[in-house]
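I set aside some time to go through this structure and write down what I looked up. The entries follow in the order in which I made them.

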Amino acid sequence: MSWSIYQGDPAQRPSGKPLPAPVGKGLDNPAGYVADDGLREAVNVALHLGRPLLLTGPPGSGKTQLAASLAWELGCEPQLKFETKSTSVARDLFYTYDTVGRFHAAQTRKIEARETDFLSFNALGLAIALTRRRSEIEGLLPPGFPASAEPLGRGFDINWSPRRSVVLIDEIDKAPRDFPNDLLNEIERYYFRIPELGNRTLRADPSLPPIVIITSNSEKNLPAPFLRRCVFYDIPFPQGPRLEEIVRQRIAELGDGAEPLLSSALELFALVRRDSAAGQPPGTAELLDWLTVLTRRRIPTDRSLRQVDPKLLESTLSTLLKNPADGERGRQLLKSYLQP
Amino acid sequence: MSQLEQPLAAALARNLPTLLARLRAAGYSIGPSERIAVEGLLARSALAGRWPPEPQALGRMLAPVLCSSAAEQQGFGAHFETWLLGLTPASRRRPGRGRRKEQPEAEPGPAEPAGRSGINWWRLVAVLLVVVTLALVARWWVLMTQLDVMTPDSPVVGRLVPGSGAGAGPARRMWLVTPDRHYWPVALAVSLWLIPLYYAWLHGGWLPAWLTGRSTSALPVFDRLSLGHSIRSVGVAWRGLLRLSDRDLRPDSGLQVEATVRATVEKGGYFTPVSGHRPALPEYLALIDRRSPEDHLARFAVELIARLEERGLATRTLFFSDDPRFGVGGAGGLGGAGHSRSSLATLAGRAAGERLLIFGDAGSWLDPASGLPRPGLEALKRWQQRFLLTPLLAAEWGRREQLLADGWLAPFPISEPGLAALADFCATRVQQPESLPPPAAASTVPGGGGRYPPMLNQNPNRWLSETPPTAATTRELLAALTEYLAEEGSRWLRACAVFPTLSWPVTCFLGQCSTDEAGRPLLNEERLLRLARLPWFRHGKMPSWLRLELIDAMDRAERQRVRRSLRDLLAEALRAQAPAGEPEIAQQAVGWGDDGWLKRELRHQPDDSPLREHLFLTFMRGRRPFRLTLAAPRRLRTLIRDADRWSVLASAGLALLGTLAVAAWHHVETVPLTAPDRFGDLPRTLPIPSAPAFPEGMIAVVSLVLSALVLAFYGRRHLSLAPPAAESAVPGLIERISARRWPVLGPWVVTTWIGAFILCDFAGSRSGARWILANLAALVTLGIYFYLERSVHGGYRSQLQTLTSQLDASAEAVPELLAFIRGPAPDDLKRRGLRLLYAKVRKPTTEQLAELEALQLSSSLELRTKNLLHNITRHLEERHQQTLDGGEAS
């Protein structure tokens with residue numbers, strides 16, 4: 001496979017060659033997730049207590065990937081993910097009701113339309129529903145459930161056995177303040193009401209509470225009552241041997257025998273992090289991207305970075321340094337690092 | 001750390017409340033649910049066969065339940081370790097204090113206070129010296145009483161004056177020991193004391209401590225202690241704050257069902273979707289002007305924000321100092337923990353939907369030259385709701401507030417009416433208005449006092465300087481403060497003046513302990529706000545002269561009350577420092593009468609601790625602070641503190657040798673015999689030491705010592721005849737001497753005089769000639785010095801002339817002139833430079849004024865120069881203000 005897919009040449013005619021698959025999926029493989037001791041213990045505490053686990057940490061520290069890893073390890077796949085937006089309300093976590101469609105149905109006099117036709121469960125609502133047998137909640141299910149519910153899909157057993165699910169509420173700090181405030185009882189007792197259906201309540205089986213992982217970038221503080229209902233862990237940025245282990249798990253090409261490249265790359269990475277001017281140093285994700293690019297550029301893994309063409313290395317820096325303020329400094333740093 | 005022993009496993013559950021209490025005291029949010037969760041986890045752990053748990057695993061298990069932030073998680077380890085130490089056998093056996101030594105492997109047995117063990121060698125030397133002196137004096141006394149009066153037949157006389165009798169030559173100078181002139185052992189004993197006294201004076205800190213009001217820049221220890229119930233939080237409880245948590249109406253893209261149904265019905269069934277607004281809690285971004293770590297106004301603002309957080313609102317706080325265009329991230333700031341700076345544009349990009357509350361002065365936002373908002377503040381307009389909460393009352397607003405209100409920032413006073421007005425505004429408007437008049441309701445003067453003293457607005461840094469103003473100015477200031485704060489506030493201010501630094505928790509504590517006539521604590525939000533506005537509370541420090549004045553203004557009863565309050569505070573704070581597991585300290589009765597324990601504790605404080613500060617300690621001992629205790633000028637402090645101790649010892653040794661030499665040599669002098677008729681043919685004079693020998697010897701010693709001082713501290717520097725370059729930081733010898741001319745020249749001239757006198761004496765000159773030659777030598781010394789000084793000063797004079805002609809041409813030479821005033825030029829030329837500055841600078845800039853203010857804090861200027869600088873700075877500030885107001889500078 002050639003590195004240069006795009007030539008940037010006006011004389012170049014379309015080649016029609018197939019494009020290689022991006023490597024991003026591999027980096028997200030839950031099987032390769034490495035948790036530190038503190039995180040492992042925090043997860044176990046959350047599981048024993050049946051409380052949500054609130055994770056904070058610098059970007060790229062693996063907060064979001066933990067949920068996938070947990071779902072994979074516990075056999076609770078697929079994980080159910082809710083991506084918080086700045087306009088999210090608490091209800092969105094459980095379900096969405098198509099009010100416009102309901103009005104439209106009323107307008108067009110679709111008599112056969114039922115209330116649940118306009119209901120769709122979202123992450124936590126889905127997880128709560130899956131803790132019950134179909135027969136218990138038939139009256140609340142939208143048509144085509146569970147096939148119609150993302151991410152369950154067609155392969156999901158229509159008569160599922162009650163099960164626990166892993167729910168990821170990602171970047172909760174993006175949401176308005178009312179969002180966590182309106183979830184207090186719901187995340188404590190795992191239930192929710194549907195006013196559109198006459199305030200019917202859907203409650204999780206107490207013996208199968210959903211496993212809720214909440215991530216936050218700490219851009220805003222969360223209300224104290226919400227925090228009290230969660231188990232908390234701040235994921236520190238991985239250092240030294242742990243970082244190396246993460247890289248080896250994620251990038252197969254950097255297994256045994258790749259110590260020279262890996263150790264020098266980690267050394268340079270540590271220097272860049274320390275020297276980052278813009279206040280947002282590169283994280284694990286950037287490191288993995290950069291190393292992937294290095295391997296794709298067929299840089300020999302049995303050689304240190306100091307033995308690699310400096311121009312080639314410089315061309316890969318853009319994966320590591322995203323901030324314009326860091327660009328020139330990064331080049332200077334690389335230059336001084338490569339000097340004997 | 002090894003696994004906990006089996007017998008202690010049960011201690012885990014029993015002592016768990018201790019851990020939770022410790023965490024709660026440290027600010028962790030620990031309640032019954034956390035306790036239950038922890039107990040449940042321990043039970044689960046036991047069921048899973050992990051009992052007793054490894055300590056590290058136990059900590060990892062408990063932390064996620066008990067912590068709710070990254071900072072708490074980080075601090076949890078220390079609390080947990082300390083708690084665990086209390087459970088392990090080693091620490092159970094460890095008695096005594098040792099609060100600085102929390103090693104788990106501490107040896108059993110009484111612990112020595114850290115750094116205070118061993119023999120005190122200086123005490124031993126002092127005791128030996130006393131013994132030697134007493135012995136020598138005793139020997140002298142015995143000899144005095146035992147020896148007879150001299151007679152011609154005295155074997156002593158016969159032995160030492162051979163050939164006495166008619167025809168003998170003139171008496172020769174020789175050693176003679178006589179009973180009533182046995183000076184040399186006494187002189188030796190006295191001289192021996194010179195060395196330790198000299199050393200102790202310079203390095204032991206006795207006299208410097210007595211002469212110097214010990215200043216400290218360390219934060220008081222109370223900031224790092226949890227005083228628990230002793231200090232309640234301020235608890236700003238204004239109604240306006242409650243109203244700030246009223247919900248906003250935000251646009252909602254979803255359908256309003258009822259409104260849609262109604263509209264559809266009204267339209268005859270034609271589907272009419274209605275979306276509208278939904279109520280949402282407002283979110284706040286606070287930018288706080290913080291001038292110092294102990295800025296009380298900033299802490300007040302932080303308290304306000306904390307009250308909003310308690311009501312469940314999302315808040316972010318950033319701090320700035322002087323330049324508000326950049327903020328420094330505080331806890332929970334943008335981008336996570338850390339202190340990365342964010343520009344206003346970056347903040348606006350991420351937080352423009354929040355209400356922007358800026359706590360500060362309007363002046364920080366305006367360019368002093370143009371009077372317009374500073375460049376770079378356009379990003380402010382991206383916030384729809386942006387407010388300035390200013391410590392100035394509405395009645396005190398002027399042009400600056402009006403400028404800002406004109407489409408930039410809506411100003412409101414930080415007061416209850418101000419916040420209420422702000423809440424009203426937020427409830428009724430969504431968009432920033434183009435212009436906003438000062439809210440009428442916010443014009444009242446809360447706290448029961450008068451207006452803010454105008455003299456504090458003129459050159460605020462002047463009031464922070466340790467150089468006291470004139471007596472009249474001080475009286476005027478105190479009267480203005482009394483009017484501003486009213487009687488209760490003044491009492492509170494006086495109490496705060498006792499403590500060496502102004503610290504928020506101590507201020508609140510003293511306000512809580514002091515009461516008004518009705519018995520209510522003086523601490524309330526309005527009064528606190530008035531105090532917080534004062535420049536000393538913005539910088540966390542009050543100069544000694546003001547502290548003295550305020551302490552002097554207390555009557556006896558007030559002093560006793562304040563003393564009692566501070567004792568309680570000290571006792572609580574020091575008790576809180578004691579590590580867990582040592583209840584004997586906590587249980588001791590504490591009072592200043594029982595000062596053995598308290599003195600021991602205070603002795604453990606570091607040298608720079610505010611608790612060792614002179615004024616504070618004097619007050620706490622029940623004495624009036626000594627007025628002559630004032631800070632020595634920096635150069636004197638440098639002279640007596642920073643000297644190379646070996647050269648000091650060498651010069652002390654020189655002094656000793658000089659004493660011995662002079663005292664021994666002048667031991668012999670010819671005097672008339674007391675009973676000449678009894679001595680017959682003996683010479684009329686005998687070599688017997690005379691009274692003047694002793695004082696001369698001591699004068700010589702003193703002059704030798706002073707010469708040694710001068711040589712040691714100044715002689716090493718090279719003699720420079722040219723003024724140093726502007727960038728040079730090291731003035732030459734002449735510059736140094738000319739700044740403090742007579743204290744250095746005086747001993748030099750005296751030394752030269754005495755040295756010349758003694759030399760002439762040794763050379764056998766006659767009495768009259770000795771005097772003439774000594775005077776001549778002194779005059780020559782003075783002449784040489786003034787010639788050198790004139791040469792050096794000549795260089796500075798020509799420099800000043802050059803600057804004068806440059807300033808006549810353009811104002812670009814002002815920075816050079818300021819550098820000249822800052823440099824090592826003599827003070828009289830600096831004063832000329834200041835007058836030149838006043839005459840030439842018609843439109844001073846903010847940077848120039850800032851530089852002048854910084855110069856006022858310099859200790860290298862004479863008092864006369866500082867007073868002139870102060871006056872000129874005031875006038876230049878008035879010109880600057882006039883320029884801002886658009887007028888011509890007078």
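**Confidence.** I began with pLDDT, since this is a predicted model. Chain B has a mean pLDDT of 69, and 56% of its residues reach 70 or more. I noted residues 628-632 of chain B, where the pLDDT is below 50; this stretch has 13 contacts in the model beyond near neighbours in sequence. I noted residues 639-643 of chain B as well, where pLDDT stays under 50 and the model has 8 contacts beyond four places in sequence. Where pLDDT is low, predicted coordinates should not be read in detail. For the model I wrote down ipTM 0.82 and pTM 0.61.

**Chain B overall.** I counted 36 helices and 11 strands in chain B. Of its 890 residues, 31% count as buried. I then looked at contacts in chain B with a separation of 6 or more: residues 24 or more positions apart account for 70% of them.

**Where the chains touch.** I listed 34 residues from chain B and 32 residues from chain A in the contact. On the chain B side, α2 (32-47), α3 (55-66), α4 (70-85), β1 (248-255), α11 (257-266) and β4 (314-320) each supply at least two residues. Which element gives the largest share of that side? I found that α2(B) does, with 5 residues. By class, the chain B side has 17 nonpolar, 13 polar and 4 charged residues.

**A helix pair across the contact.** I looked up α2 of chain A (residues 37-49) against α3(B). Their axes are 8 Å apart and the packing angle is about 65 degrees. The crossing of the two is right-handed. From α2(A) I noted Asp37(A), Gly38(A), Glu41(A), Ala42(A) and Val45(A), and from α3(B) the residues Arg60(B), Met61(B), Pro64(B) and Val65(B). This contact of α2(A) with α3(B) has 5 nonpolar, 1 polar and 3 charged residues.

**The sheet of chain A.** I followed α2(A) to its own chain. An open sheet of 5 strands has the order β2-β5-β8-β1-β9 in chain A, with parallel pairing.

I checked β1 of chain A (residues 53-56) on both sides. It is joined by 4 bridges to β8(A) (residues 211-216), running parallel, and by 4 bridges to β9(A), also parallel. Thr56(A) stands opposite Ser216(A) in β8(A) and opposite Asp234(A) in β9(A). In β9(A), Val231(A) and Tyr233(A) point one way, while Phe232(A) and Asp234(A) point the other; all are buried.

Most residues other than glycine have a negative phi, and most peptide bonds are trans. I looked for exceptions. The bond from Glu77(A) to Pro78(A) is cis, with omega near -5 degrees, and Pro78(A) lies in the loop between α3 (63-74) and β2 of chain A. Phe145(A) and Pro146(A) are joined by a cis peptide bond with omega about 5 degrees; Pro146(A) is in the loop between α7 (134-137) and β5 (166-170) of chain A.

For positive phi I noted Glu171(A), near 55 degrees, in the loop between β5 and α8 (178-181) of chain A. Glu171(A) has 19 other C-beta atoms within 10 Å, so it is partly exposed. I also noted Ala486(B), with phi near 65 degrees, in helix α17 (residues 471-498) of chain B. Ala486(B) counts as partly exposed because it has 17 C-beta neighbours inside 10 Å.

**One loop residue.** Is Leu372(B) buried or exposed? I found it exposed, because 12 other C-beta atoms lie within 10 Å. Leu372(B) sits in the loop between β7 (355-359) and β8 (386-390) of chain B. Leaving aside neighbours within four places in sequence, Leu372(B) is in contact with Leu366(B) and Asp367(B).

Note on methods. Residues are numbered from 1 along each chain as its sequence is written. Chains are lettered from A and ligands numbered from 1 in the order in which they are written. This is a predicted model: local features need pLDDT of at least 70, side-chain atom pairs count only at pLDDT 80 or more; totals for chains, interfaces and linings use all residues. Two residues are in contact if their C-beta atoms, placed from the backbone, lie within 7 Å. Ala, Val, Leu, Ile, Met, Phe, Trp, Tyr, Cys and Pro count as nonpolar, Asp, Glu, Lys and Arg as charged, and the others, Gly among them, as polar. Axes are lines fitted to C-alpha atoms, for helices over the stretch in contact, and angles run from 0 to 180 degrees between N-to-C directions. A crossing is left-handed if the near helix is turned anticlockwise from the far one by less than a right angle, and right-handed if clockwise. A residue is buried if 20 or more other C-beta atoms lie within 10 Å of its own, exposed if 12 or fewer, and partly exposed in between; C-beta atoms are placed from the backbone. pLDDT is the predictor's confidence in each residue, from 0 to 100. Two strands pair if DSSP finds at least two bridges between them.
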